[in-house]
Each structure stands twice: as C-alpha cells, then as structure tokens.
Amino acid sequence: MTPQQIRDLFPITKRRAYLFSGGISPVSIRHDEAINRHMRQLRENPGDFYMNKLNEDAEECRTIFADLMGCDQNEVALVENTSMGCNIAFDIIELPIAGNVVFDQYSYPSSILPWYLPTRTHIEKRFVDPQEDGILYLEDFKKSIDSNTVAVCISHVTQEQGFRHDLASIVELAHENGAVIIVDGAQSAGAMNIDLHKIKVDFFSTTAMKWLLGAAGVGFLYVANRHHSKLPSHAGYRSASLRSNHEFDWKIDARKFEIGMPNLLGLAMSRVGLKILAEADMNTIENHNLDLSGYCIEKIKALGLNVITSEMDNLRMGIVAVRYERSHDLWQFLFNIGIDTWCHSDIFRVDPHIFNNRDDIDRLLDGIRQFLRST
Ligand SMILES: Cc1ncc(COP(=O)(O)O)c(C=O)c1O
C-alpha cells in the first residue's frame, strides 16, 4: 500500500491535520470493521469465539510484530503497555550487591522509577547529560558505563526532544561492559525500520497505541532468546504448560512472561494497525516520516521558532519538538482550527506519520503563522 492509500483508510485525514501519533493513533475504517466483527462475535456467539478463536488476534499480532521488528515470534511477550514491559525486564535482571544503572536525561520515567523501588535502592543511578546542542553523545555514555554497570535503560526516540539514539552503538558499549540494555521503543516502533536481531538489544518494550496504529492496553515486550532461561517475577496459567494445577513446565520462550487473559478487544484493533504497517513496508514508512519531520523542522525554523529536534536524519524520526513558552496557547489555537499536535510545559510537538502528507504540514505552518500574527 502507498502512503496515499493508507491515508484514504483514515477518515480523520479528511477533516483534520492529525499530527499526534506520538500520543494516540487514530483509527481507520478497517479498525471499525474489526471492532464490529469482534462485537458481533461476542453478541451472537461468544461460546464459539472462546472455544475456537480466543487466541487468533493475539497470535496474529505476535507474528506481525515479530516480522516488522526483525525478531522471532517466540521472543515476543504480549503485555499491557511499555511501562509494564520495562518492569518485567527489570525484574529478571539479577542484581549484584553493588553496581550501577545508566540512563540518560531523556529516558522516560517508566525506565527510571522502578530502579528507586526498595529492592534496587542499593544500585547507583547514573544519568548521561546531553551536550549544549541537545545531543546525547556515545562518548558521554562511555564515561558512565563501566564493568559495574548492570543495565542501560534508554528511550530509542525520546518523547520531549524527538532525539533518536544510535542504538546499535550503545548496545555494543553496554555488552562490552557486561551490561544488559532495555529499550523503551514507545516512540520508535511503527515509526521506523527496526531490526532487533541486528541491533542485538536484550529487551525492547513498546505500546501498540501510538506509531503501531493499535490500541491502548496492548504492548509488546521483546526478550532476546538468550534471556529465555530466566524466570518471571509474576506467573499465571499462561506462563506455563499445565499438566494439572500444580504440575507444569514453564513456557520455554518469551510467552512465560504472560500471566492471564490479554486485552482481546485491544488485540482485535491492534492486529489491523500492524497489518497496515506490514502492507506499507517499514522502509517506506521510515523514509516518509523522515521526509515529513525534516520538512517540518526546516519550515518551523524559518518561522523563527526554536526547534530542538535535530535536523540530521540519523538523530530524529517522527517527532518534531519546539521549545516555546506559549506552547499551550499555540496548541489550543491549532486544535480549534482542525490541527492536532501536543504540548507540555514549554514543549510544543508535532508527530507526522504514514497517513500524513505535506499538505498537513503546510496546514500546520499556516496555522502557526496565523497564531503568531494574532499575538
Ligand atoms: C518514550 C515513552 N515511553 C513510554 C511511554 C508510556 O507508555 P505506556 O503507557 O505504554 O507505558 C510514553 C508515552 O508517551 C513514551 O513517550
């Protein structure tokens, strides 16, 4: 499918310039059909659904996610969200008596807060700072990661700056020092081409509800094959193959990190979004998103605003962030004229995805111009 064919599937593109994929995905007409089908099954014949189709959407989501992300199906656990996936990964890391964990100043709170829980208070926390240009350099990670580093916890693409890490290099550095690396992919999975096997990351957690065009309450945790011998900190009937209630074998792959019934409605929706991405091809999506974010940066800068996302292709992906004191006023103004963006504190953000085009960006630029003239 071409970007235009995908655009045609999303009704919102006919009314609004929806530039908020880093927050929540809009739904397409295919999502509507899938939800209606799911509801019809539950209304007309839930018994048949339970006995014959219960795991269909889950397994299809697992398969497509694995294909999109360059990993094996048995390395994917279905979880509730990115934060839960990160916590599951942290729980299976064996902690030494003394050691350190490395974050950067842009790491998302879900990667940091679990390290302040009682069982981990003795682990030293190290934060890598960006340089004045806002870039997190590998050289600075080298100063923090050492042979006592237990884990490196970073966001692949950061949500407030739109900064993209060179993941492969940081993974290599972590592994050279004997540390594992846990990556929050909430702002990268679905926005760009990712090959988890090639990058050699240990754990990668993400949500379906943003760039993967799926639902809230559905997330994916990639657990590299080499970690499958570890046991989860929580267990349920889905974590094992049961011979009786107390005779069982733990599942031998990432499925052992699943506990009970997943979000069936969310999976029915997420399957559709993943399939759309698969039909488009992740290379096409990455190029499209880089083109739109690059165009956005160039034009917003030309309006005199302080764009903090790098214009370098290798340092950004879908998110474009601007530091602007009146970000909320700007957001509200744009929202009122049919343009969806995001703001928080002094950050104003624009997140173009595969269903957007340059007309959406031009509409945004026109909106910003109107706002600046009116103030
Ligand atoms: C980088 C990043 N990580 C994690 C999250 C939260 O994800 P979840 O609600 O799936 O735990 C967000 C939400 O915006 C995010 O931007």
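A polar side-chain atom of Thr82 lies 2.8 Å from an oxygen atom of the ligand, a polar contact being a pair of N or O atoms within 3.5 Å, where, within protein, one must be able to donate a hydrogen and the other to accept it, and residues adjacent in sequence count only if both atoms are side-chain atoms. The table lists this contact with two others of the kind.

| Residue | Distance to an oxygen atom of the ligand |
|---|---|
| Thr82 | 2.8 Å |
| Ser83 | 2.5 Å |
| Lys210 | 3.1 Å |

This is a predicted model, in which local features need pLDDT of at least 70 and side-chain atom pairs count only at pLDDT 80 or more, while totals for chains, interfaces and linings use all residues. Residues are numbered from 1 along each chain as its sequence is written, and side-chain values use heavy atoms, with hydrogens and water left out.

The residues that surround the ligand include Asn81, Tyr108, Gln159, Asp184 and Thr207, where a residue is near a molecule if one of its heavy atoms lies within 4 Å of it.

Turning to the sheet, seven strands form an open arrangement in the order S2-S8-S7-S6-S5-S3-S4, with mixed pairing; two strands pair if DSSP finds at least two bridges between them, and strands (E, at least two residues) and helices (H or I, at least four) are DSSP runs numbered from the N terminus. Strands S2 (76-79) and S4 (124-128) stand at the edges, each with a single partner strand, so one side of each is left without a neighbour in the sheet. Within the sheet, strand S5 (residues 149-155) and strand S6 (residues 180-184) run parallel and are joined by five bridges, and Cys153 has Ile182 in S6 as its bridge partner. Helix H8 (residues 167-176) lies across S5 and S6, running at about 150 degrees to S6, with axes being lines fitted to C-alpha atoms, for helices over the stretch in contact, and angles running from 0 to 180 degrees between N-to-C directions.

What is the place of Ile300? Ile300 is in helix H11 (residues 282-302), and Ile300 counts as buried because its relative accessibility is 0%, buried meaning under 20% relative accessible area with a 1.4 Å probe and protein chains only. Not counting residues up to four places away in sequence, Ile300 touches Leu305, Val307, Val322, Val350, Leu364, Leu365 and Ile368, where contact means heavy atoms within 4.5 Å.

How values were computed:
Buried < 20%, exposed > 50% of the residue type's maximum accessible area, 1.4 Å probe, protein only.
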